[in-house]
Amino acid sequence: MSADKVARRFAFDGGGSGGHLTPSIAIAERLTERSSKASVMFLCSSRAVDAEVLTRHGARFHALPSVPAPRSPRQVVPFLRGQWRAITEATAHLRDFAP
């Protein structure tokens, strides 16, 4: 069976800077060139640079909440809440996309 007859879904994650996304975008573009049935989704941070890079490439993406790593004990709880939200949202997107 040729690769073009099988629908395949690929999920990529990363973000925080455009440099983390560029290699994934190149791989995603190659996958969709090789198969018209390939479907790609990105999970990225909520930073503007991620949305700008992915939008410029016409990529399907979902921005997840991102909270900087804590620098003081007071920031630990908000950081953990943000991480929990991001994990919960990522899980839901992955479940819906079913890579």
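Author: The face of helix α2 turned away from its buried side carries the exposed residues E52, T55 and R56.

Reader: What makes a residue exposed or buried?

Author: The relative accessible area decides: buried is under 20%, exposed is over 50%, and partly exposed is in between, with a 1.4 Å probe and protein chains only. This is a predicted model, where local features need pLDDT of at least 70, side-chain atom pairs count only at pLDDT 80 or more, and totals for chains, interfaces and linings use all residues. Residues are numbered from 1 along each chain as its sequence is written, and side-chain values use heavy atoms, with hydrogens and water left out.

Reader: Which residues of α2 are buried?

Author: D50, V53 and L54 are the buried residues of α2, which spans residues 48–56. Helices here are DSSP runs of H or I with at least four residues, strands are E runs of at least two, and both are numbered from the N terminus.

Reader: How do you know that the buried residues of α2 line one face?

Author: Look down the axis of α2. The buried residues fall within an arc of 90 degrees, so they line one face of the helix. The arc is taken from the directions that run from the helix axis to the C-beta atoms. An α-helix has 3.6 residues a turn, so residues three or four places apart point the same way.

Reader: Why is S45 called buried?

Author: S45 has a relative accessible area of 11%, so it falls under the 20% cut-off. S45 lies in strand β2, residues 38–45.

Reader: What makes the S45 and D50 side chains a polar contact?

Author: They are joined at 2.3 Å. A polar contact is a pair of N or O atoms within 3.5 Å; within protein, one must be able to donate a hydrogen and the other to accept it, and residues adjacent in sequence count only if both atoms are side-chain atoms. The S45 side chain also reaches the backbone nitrogen of R47, at 3.2 Å.

Reader: Which residues does S45 touch, not counting those up to four places away in sequence?

Author: They are G14, G15, G16, D50, A63, L64 and S66. Contact means heavy atoms within 4.5 Å.

Reader: Why is the aromatic pair of F12 and F42 called stacked?

Author: The structure holds one aromatic pair. In it, F12 and F42 are 5.2 Å apart, centre to centre, with 20 degrees between the planes. Rings of Phe, Tyr and Trp (its six-membered ring) pair if their centres lie within 6.5 Å; planes under 30 degrees apart count as stacked, over 60 as edge-to-face and the rest as tilted.

Reader: Which parts does the pair tie together?

Author: F12 lies in strand β1 (residues 8–13) and F42 in strand β2, so the pair ties together parts that are 30 residues apart in sequence. F12 is buried at 15% relative accessible area. F42 is buried at 3%.

Reader: What makes R9 lie over the face of F97?

Author: R9 sits 5.6 Å from the ring centre. A charge is over a ring if NZ of Lys or CZ of Arg is within 6 Å of the ring centre and within 35 degrees of the ring normal.

Reader: Where is A98, and why is it called partly exposed?

Author: A98 is in the segment after α3 (76–97). The phi of A98 is positive, near 55 degrees. Most residues other than glycine have a negative phi.
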